[in-house]
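Hello,

Here is the structure I promised to pass on to you. Please open it alongside this email, and then read on for what turned up.

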Amino acid sequence: MPTGDGLLARIHPPLGILTLAQARAVAEGARRYGNGHLDLTARANLQIRGVSEATTAPLTALLGAVGLGDTRTDGGPQRLTLTSPLAGREPLDIPALARAIEDMGRGVPGLPAKTLVAVGLRMDEADLSVLSLAADRVAIVAGTSVWACSSTDTPSAIGALLTAFAATGKRRMREVPPDTLTIPRHCQQSEAIQGGGPSANVVPGLSSHGGQPIFALDAPFGRCTVEAFERLIAVAETIGAPEFRLSPTRGIVLLPSHPERVRLADIAADFITTADDPRRAVATCTGAPACASGSTPTLRDAASVADAFRPLAARGLVAHVSGCTKGCAKPGPADLTLVGREGQYGVVIGGNPSDTLSLQIPIEAAIERLGRAASVGLAAAFAPASIDIGRNRRPA
Ligand code: SF4
């Protein structure tokens with residue numbers, strides 16, 4: 001798709017997993033045919049920017065040769081499912097179920113490209129979530145509707161729901177009135193599932209899950225250089241990790257067979273390796289100049305925001321530096337949202353980028369106010385006040 005710096009190629013690795021050979025091909029593609037950077041997305045996909053009309057074909061061939069080509073040409077989702085980067089160790093075979101749902105979804109015409117089925121976890125962003133109730137029984141969640149069925153019947157039940165959804169012409173399942181979706185065959189209406197289901201998020205650093213060592217890294221603001229990506233491939237080889245498992249935290253999870261060989265210092269300059277890194281609490285998009293819709297350098301500004309946001313991040317607050325009202329990096333609200341506008345930032349407290357802006361200020365003023373927010377709170381620190389008169393502008 002076209003962006004401010006050429007074409008963007010989005011890669012949808014099956015199950016969000018890249019073999020190291022596939023990872024090398026992605027790095028080669030980004031270096032030869034892109035701008036030398038890789039984006040890691042919140043849907044566990046990868047993006048190469050800076051592609052041109054002339055380099056589209058060789059990049060497509062390079063990726064297709066390692067099994068990373070597109071899977072459908074009808075405009076539907078290239079990968080329908082999202083699974084946890086740790087999927088594969090549960091009593092219910094989550095990867096097999098996700099593959100079966102993918103097969104079913106490819107046969108549903110008219111499915112919007114952004115349709116998402118979270119398998120083995122619940123995500124607010126997903127149209128449908130499939131949660132494990134037992135080794136052979138699942139709950140299918142669509143908004144406030146919950147159905148229980150056997151894991152064997154789940155792909156056909158999901159297929160029926162997606163077919164009904166596609167027929168509405170809506171873009172997201174949440175826009176469909178609940179009574180439009182009838183109970184799929186072999187399913188029963190069920191009670192609401194307590195809790196949010198298992199999280200897809202894995203904390204950065206070296207830890208273990210069910211006895212399996214895990215080395216998890218997040219890409220700062222979802223971006224890394226090809227060189228950093230290649231250094232991580234070398235680390236994976238050293239520690240005996242056979243693949244990159246992409247995570248919705250815009251990161252990569254490695255399952256090392258030699259965890260004693262992990263040296264955080266080898267990779268700490270390139271990736272987030274600690275849970276308390278404030279960059280984890282700040283979402284941002286590519287912004288200007290790469291995206292034509294942006295007027296502010298969001299990646300650079302988000303780094304300054306993250307520094308100033310540290311005490312608030314430690315309290316569990318989150319921020320969003322968005323290049324424009326579209327809010328690509330973070331669907332939903334944040335405690336503080338800065339929205340790029342005419343080279344400055346509009347401010348939204350506790351809302352979305354498309355909400356009404358309380359004031360519009362340069363990034364320097366936003367950082368200054370963030371310094372006060374730790375003691376007086378975000379709402380007070382960002383209240384329109386005399387301090388900005390003469391230096392900052394209110395929205396028109
Ligand atoms: S939020 Fe706006 S500026 Fe940022 S990537 Fe999306 S469209 Fe571009």
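Which residue in strand 15 stands opposite Ile17? Arg245 does. Please keep in mind as you look around that this is a predicted model.

Strand 3 and strand 15, which covers residues 243-247, are paired in the antiparallel sense, with three bridges between them. They belong to an open sheet of five strands, ordered 3-15-16-13-12, with antiparallel pairing. At the edges sit strand 3 (17-19) and strand 12 (205-209), each of which pairs on one side only. On average, neighbouring strands in this sheet are turned by 30° against each other, direction ignored. Helix 1, made of residues 20-33, lies across strand 3 and strand 15, and runs at about 90° to strand 3.

Next, the start of the chain. Strand 1 (residues 2-3) and strand 2 (residues 6-11) run antiparallel and are joined by two bridges.

The residues around the ligand are Cys285, Thr286, Gly287, Cys291, Ser293, Gly294, Ser322, Gly323, Cys324, Lys326, Gly327 and Cys328.

Finally, have a look at helix 7. This helix spans residues 363-376, 14 residues in total, and reaches 19 Å from its first C-alpha to its last, close to the 20 Å expected at 1.5 Å a residue. Which of the residues of helix 7 are buried? They are Ile363, Ala366, Arg369, Leu370 and Ala373. Among the elements that cover these buried residues are helix 6 (298-313) and helix 8 (378-381), together with strand 19 (334-341), strand 20 (344-351) and strand 21 (360-361). Just after helix 7 comes Gly377, with a positive phi of about 95°.

Do write back with any questions.

Best wishes

Key. Residues numbered from 1 in each chain as written. Predicted model: local features only at pLDDT ≥ 70, side-chain atom pairs only at ≥ 80, totals over all residues. Near = placed C-beta within 6 Å. Pairing = 2+ DSSP bridges. Helix = DSSP H or I, 4+ residues; strand = E, 2+ residues; numbered from the N terminus. Axes fitted to C-alpha atoms, helices over the stretch in contact; angles between N-to-C directions. Contact = placed C-beta atoms within 7 Å. Expected span 1.5 Å × (residues − 1). Buried ≥ 20, exposed ≤ 12 C-beta atoms within 10 Å, placed from the backbone.
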